[in-house]
Amino acid sequence: MTASQTEKVNLLGLSLDKLAAFFDSLGEKRFRAVQVLKWIHQSGVDDFEQMTNVSKALRQKLADLAEIRAPKVLEQWDSADGTRKWLIEVAGGNAIETVYIPDGDRGTLCVSSQVGCSLDCSFCATGKQGFNRDLTAAEIIGQVWIACKSFGQLEPKGPRKVTNVVMMGMGEPLLNFDNVVDAMNLMMEDNAYGISKRRVTLSTSGVVPALDRLADVTDVSLAISLHAPNDELRNELVPINKKYPIAMLLDSAKRYIERMPDTHRKMTIEYTLMREVNDRPEHAEQLAELLRDVPVKINLIPFNPFELSDYQRVSNNALRRFQQILLDKGFTVTVRTTRGDDIAAACGQLAGSVNDRTRRSERYRNAERPVRIVG
C-alpha cells in the first residue's frame, strides 16, 4: 500500500510522548517531537514546508505520512460584551460550539469534549441535542488552536489572550477520558501552550470511576457540577446522580484533591440556580451542611434560558439571599456574571449541531412539556 493510500496521522492531537513515539517509529530522533510540537502549537503552522529547522528530507517524509488538520470554523459570533463563540465542524456532519470569555487580563476558553452529551441534565441545552460521539484529541485541542489563531496569539509577540481553559463546553469530559487527558496535557505542555495546571479546569457531573482514575494521570483543577444539595433533587436535575449519588461523588472528589502535589487546593462547586427549583433558603442551608468539611469554593450560576426548557432564571433577591446564607457559613462564594447571552454563548446554552444517535432531541421536540408554575 502506498503512502497516499494510507490514512495520514493527524499530529495536531498527539501529546509530546505520543509525538516522540511517532518519530521513533520513523527512525528519527525524539527531539524532533519538540521541534514539531512548537511549530504546531506555538507558531500555528499546519504546513510542514514552513518548519525551517526540520530537514527537507524529513519534511517530505512528514508530508507523505502525516498531516496537521484542525477542525473547520463554520461560523463565528461576537457578543457586545466581548465574548466570542465559534461553530466548529467535526467529522460525521456534526458541529460543536466553543466560547471565549474575556475578563480583564484573563481570557477563558470553554472547550467541548463530545458531540452532544449522553447525560441529559434537565437544565442544559446540550443534553437536549442528544449524543453522537466523543471528540478526538485533535478536535479538542483544535478548539484551543482555533481560538489562539483567531486572536493572533500564535504570531510572533502575539497577545496572550487564552489564559484559562475550562472543559465545560458540550459533553461530559470524563466519558471521553483518554482524549481529554491528552488534550489537557497539550494545554499545559511548556512546548505547546504552557497554561498553568491551576488554569486548566475539568468540570464533571460525576462519573465517579473515571474521577477516581484522574489523579493517576493529571493534576488539573477540578469543578463539580452539583446543582442540588440532596439526592432527591439532584436525581431530577442530573440523572447520573442515580448511579453515583452525592456522597459517593464528593468522596471521590476529596480523594482527588488530597492527591494533588500542592497544598491548599480547593475544588469548585458549580451550582446553577433556577427559580423555585433549587434557590430556596433551605437549599442553601442544606448545601452548607453538605459541604461543611469539603475544601471548596462555590460558584453560583443564574440559569440561562433556552428553547425546550421550562426552567426560569433565579430572581436577584433569591440569588443574593442564597449567597448570603453561604457567606455567613464561612464559604467563599462567587456569582458568575452572565456573558454572551446575546449570542447564546452563556453557560448551559451551548447546543451545536448534533446528528443525534439517541433520538433524544426528537423526543424532546415532540413532547408536550408541562408548564412549570412559579412565583
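In the predicted model, Asn241 touches Asp231, Arg234, Asn235 and Ile246, leaving aside residues up to four places away in sequence. Asn241 lies in the loop that runs between α8 (231–237) and α9 (246–258). Its relative accessibility is 2%. Buried means under 20% relative accessible area, and Asn241 therefore counts as buried.

Thr263 sits in the loop between α9 and β12 (267–273). The relative accessible area of Thr263 is 56%. The cut-off for an exposed residue is over 50%, so Thr263 is exposed. Thr263 and Val220 are 43 residues apart along the chain. Their C-alpha atoms are separated by 13 Å.

At the level of domains, the assignment for the protein gives domain 1 (9–67) and domain 2 (72–363). The centres of domain 1 and domain 2, taken over C-alpha atoms, are separated by 32 Å. Contact between the domains involves 16 residues of domain 1 and 14 residues of domain 2.

Two helix pairs were examined. Helix α1 spans residues 16–25, and helix α2 spans residues 31–41. The axes of α1 and α2 come within 8 Å. They cross at roughly 125 degrees. Angles of 65 to 115 degrees count as roughly perpendicular and those over 145 as roughly antiparallel; α1 and α2 are therefore oblique to each other. Their crossing is right-handed. On the α1 side, the contact is made by Leu16, Leu19, Ala20 and Phe23. On the α2 side, it is made by Arg32, Ala33, Val34, Val36 and Leu37. By class, the residues of this contact divide into 8 nonpolar and 1 charged, with no polar residue.

The other pair is formed by helix α5 (residues 137–150) and helix α6 (residues 177–188). The axes of α5 and α6 are 8 Å apart. The two helices pack at an angle of about 35 degrees. The crossing of α5 past α6 is right-handed. From α5, the contact draws on Ala137, Ile140, Ile141 and Val144. These residues meet Asn179, Val180, Asp182, Ala183, Leu186 and Met187 in α6. The contact of α5 with α6 has 8 nonpolar residues, together with 1 polar and 1 charged.

How values were computed: Residues are numbered from 1 along each chain as its sequence is written. This is a predicted model: local features need pLDDT of at least 70, side-chain atom pairs count only at pLDDT 80 or more; totals for chains, interfaces and linings use all residues. Side-chain values use heavy atoms; hydrogens and water are left out. Axes are lines fitted to C-alpha atoms, for helices over the stretch in contact, and angles run from 0 to 180 degrees between N-to-C directions. Helices (H or I, at least four residues) and strands (E, at least two) are DSSP runs, numbered from the N terminus. Angles under 35 degrees count as roughly parallel, over 145 as roughly antiparallel, 65 to 115 as roughly perpendicular and the rest as oblique. A crossing is left-handed if the near helix is turned anticlockwise from the far one by less than a right angle, and right-handed if clockwise. Contact means heavy atoms within 4.5 Å. Ala, Val, Leu, Ile, Met, Phe, Trp, Tyr, Cys and Pro count as nonpolar, Asp, Glu, Lys and Arg as charged, and the others, Gly among them, as polar. Buried means under 20% relative accessible area, exposed over 50%, partly exposed in between (1.4 Å probe, protein chains only). Domain bounds come from an automatic or database domain assignment.
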